[in-house]
Amino acid sequence: YSQPFILFWNSFVRFAFFIIVALLIPALKELEREKHTARTDDLTGTANRRSLFETAGLEIERSKRYQHPFTLAYIDLDGLKTANDRFGHRVGDEILCAMVDRIHTELRNTDFLARLGGDEFALLLPETNQEAARAVISKIQSSLAEEMQKNNWAVTFSIGVITCLNAS
């Protein structure tokens, strides 16, 4: 170095850069954790309404671009309030979590389950036509009925399905 001061300045700048990076990494990790929390239902661990709307918007755009169908299903639990009143909210929470677990076992990795709130859920099935949707929903309905019967929970399901063949 032509001047001794340059050595100290370079060392200081490198050290300052190291400190800034060391402080930013935990902040970025916390930001990523908050982003995940904002899109996840606390109780069931599945996606929430916000996450569904974001994902559905992307899927609609993909469907427009590639002319692939997609299916959206709405699932409402019938009798959950009665189970909550009769057995307590802990059992109601168990019912919701068991339902989510059962549905996830029937879905592909590309399918998307979200809790809209309370006892309402939505399924987004990308690249799924009517016949395939009918098969998937039938499997889900049977699996859920089996789970409810196994645990003696008097809960049934109302399921509505729509398949979009052309999202334009």
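Strand β3 (residues 112-117) runs antiparallel to β4, and 5 bridges join the two. Within this pair, glycine 117 lies opposite glutamate 120 of β4.

## Packing of α4 with α5

The axes of helix α4 (residues 89-106) and helix α5 (residues 130-150) come within 9 Å and cross at roughly 145°. This crossing of α4 and α5 is right-handed.

On the α4 side, the contact involves Ile95, Ala98, Met99, Arg102, Ile103 and Glu106. Their counterparts in α5 include Lys139, Ile140, Ser143, Leu144 and Glu147. By class, the residues of the α4 contact with α5 comprise 7 nonpolar, 1 polar and 6 charged.

Serine 51 is situated in helix α2 (residues 49-66). Because its relative accessible area is 9%, under the 20% limit, serine 51 counts as buried. Leaving aside residues up to four places away in sequence, serine 51 touches Arg39 and Phe112.

## Model confidence

The chain has an average pLDDT of 93, and 98% of the residues score at least 70. Confidence is lowest in helix α1 (residues 4-38), with a mean of 89, and highest in strand β4 (residues 120-126), at 97. Where pLDDT is low, predicted coordinates should not be read in detail.

Note on methods. Residues are numbered from 1 along each chain as its sequence is written. This is a predicted model: local features need pLDDT of at least 70, side-chain atom pairs count only at pLDDT 80 or more; totals for chains, interfaces and linings use all residues. Side-chain values use heavy atoms; hydrogens and water are left out. Axes are lines fitted to C-alpha atoms, for helices over the stretch in contact, and angles run from 0 to 180 degrees between N-to-C directions. Helices (H or I, at least four residues) and strands (E, at least two) are DSSP runs, numbered from the N terminus. A crossing is left-handed if the near helix is turned anticlockwise from the far one by less than a right angle, and right-handed if clockwise. Contact means heavy atoms within 4.5 Å. Ala, Val, Leu, Ile, Met, Phe, Trp, Tyr, Cys and Pro count as nonpolar, Asp, Glu, Lys and Arg as charged, and the others, Gly among them, as polar. pLDDT is the predictor's confidence in each residue, from 0 to 100. Buried means under 20% relative accessible area, exposed over 50%, partly exposed in between (1.4 Å probe, protein chains only). Two strands pair if DSSP finds at least two bridges between them.
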